[in-house]
Amino acid sequence: MDAKTVRAKHGEFLFPCVANYYEEPVVITRAEGTRVHALDGAEYLDFFGGILTVSLGHCQPDVVEAISNQVRTLGHTSTLYPTENVVVAAETLARLSPGELKKTFFTNSGSEADETAVMLAKIHTGSSEIIALRHGYSGRTHLAVTLTAHSNYRVIPTGVPGIKHAPAPYCYRCPFGLEYPSCEVRCAQDLQELIDTTTSGQPAAFLAEPILGVGGFIIPPKEYFQIAVGIVRERGGLFICDEVQTGFGRTGGKWFGIEHFGVDPDIMTFAKGVANGMPVGGTIAKADIADSWTGATISTFGGNPVAMAATNATLRVMERENIPARAERLGKTIRDHLDGLKDKHSFIGDVRGMGLMWALELVEDRKTKEPAAGKTNQVMEAAKKHGLLLGKGGRYGNTIRMAPPMLIAETELSEALERLSKACDEVR
Ligand code: PMP
């Protein structure tokens with residue numbers, strides 16, 4: 001099949017909501033490390049890794065070998081049988097996770113992981129209200145879509161009851177029009193009134209991403225989680241930390257994003273990078289919280305032996321290569337380069353990121369901060385022409401997101417940044 005036929009059949013036989021990037025979507029046929037190859041012969045550096053999921057690099061040899069060996073030996077058991085793979089994965093996750101997180105429920109996606117976390121919080125506390133963040137993203141199930149605070153994703157307006165959205169800790173576009181630090185982190189303090197006025201006073205949980213990923217890599221002020229989680233805990237609520245994008249070294253220097261903020265979660269969710277591209281998600285909780293789920297539940301594929309082989313191999317390589325330290329070191333190179341681009345181009349309103357997740361928020365005018373979604377598309381298309389695949393994000397579609405595989409070679413990183421510079425030079 002040629003690329004044109006693939007694109008035509010995609011339009012004909014998939015739901016139209018399965019949207020692709022680019023005017024002419026890239027049909028990827030094979031990939032290794034940071035390089036992907038398209039059906040029409042083009043080669044690209046992948047600076048988005050399948051939405052922060054190809055954490056080590058495409059077809060990383062240790063992961064490929066582990067999957068191949070496992071699939072030849074035992075492909076599936078369901079959760080009705082324990083396996084060595086699933087307990088090794090769960091024990092490793094308990095060791096790497098912050099605080100007292102200990103027991104895991106494996107799922108096949110981040111949406112299911114958030115769904116599991118919210119159900120667990122409701123079961124444990126006996127309360128049913130959940131506080132989520134504006135500009136947050138939780139996935140595509142009915143509940144996850146309701147937790148998500150982007151109108152374009154909220155395709156069923158009524159949603160699931162009992163979910164309240166707190167103002168986002170979005171300093172570049174402060175919802176209170178204030179400036180950090182003289183704002184005294186008003187967005188976190190606001191949870192007090194949010195709970196008092198929009199809930200029964202006893203929420204089950206506060207669910208938040210340490211860095212709002214789909215929201216455009218929005219980084220809260222450093223005191224945010226201590227204040228916000230403190231208020232929620234005072235009212236008997238739990239803290240669910242969504243590490244689907246920020247987990248496994250991505251933020252640099254730490255295994256999980258929340259560790260930069262000095263707060264330990266009661267429940268944490270993960271997916272994406274944990275298995276370098278295989279469909280694995282999970283919810284890890286403090287033991288006493290996990291133990292309160294005594295009713296029945298099954299995930300047919302959750303903890304599947306092949307998925308767990310991929311997870312164990314990915315985590316082994318991450319530990320061997322000290323991925324958090326590597327992400328921190330390479331992130332400095334990206335920051336310097338992006339700061340240089342901001343000096344040169346007035347359409348770059350904000351540069352933000354940590355480790356190996358970086359964003360450029362594009363604006364028509366630095367003073368008015370009018371979002372420049374059209375320019376984002378121009379940068380994306382120009383970068384593609386120069387052989388660089390980027391990500392997009394932000395409620396206004398005006399944020400370029402970058403999150404390469406964390407084993408990216410330094411030469412490839414420099415090459416990718418050069419291609420990004422050329423793309424920015426071509427923006428009108
Ligand atoms: N939480 C966050 C923070 C995410 O970024 C995503 C996916 N973009 C999800 C949950 C949902 O994950 P999935 O697409 O695997 O269901």
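I begin with the ligand, one nitrogen atom of which is 3.0 Å from an N or O atom in the side chain of K272, a polar contact in the sense of a pair of N or O atoms within 3.5 Å. Taken alone, the ligand exposes 390 Å², and the protein buries 84% of that, with areas from the Shrake-Rupley method and a 1.4 Å probe. Please keep in mind that this is a predicted model, in which local features need pLDDT of at least 70 and side-chain atom pairs count only at pLDDT 80 or more, while totals for chains, interfaces and linings use all residues. Side-chain values use heavy atoms, with hydrogens and water left out, and residues are numbered from 1 along each chain as its sequence is written.

A nitrogen atom of the ligand also lies 2.7 Å from an N or O atom in the side chain of D242, and a backbone N or O atom of G110 is 2.9 Å from a ligand oxygen atom. The residues surrounding the ligand include S109, Y137, E209 and Q245, where a residue counts if one of its heavy atoms lies within 4 Å. Helix α5, residues 110-125, gives the most to this shell, with three residues.

Turning to the strands, seven of the seven residues of β11, residues 348-354, are buried, so this strand is largely enclosed by the rest of the structure; buried means under 20% relative accessible area, with a 1.4 Å probe and protein chains only. Six bridges join β11 to the antiparallel strand β12, residues 357-362, and D350 has E361 as its bridge partner in β12.

Conventions
Buried means under 20% relative accessible area, exposed over 50%, partly exposed in between (1.4 Å probe, protein chains only). Helices (H or I, at least four residues) and strands (E, at least two) are DSSP runs, numbered from the N terminus. Two strands pair if DSSP finds at least two bridges between them. A polar contact is a pair of N or O atoms within 3.5 Å; within protein, one must be able to donate a hydrogen and the other to accept it, and residues adjacent in sequence count only if both atoms are side-chain atoms.
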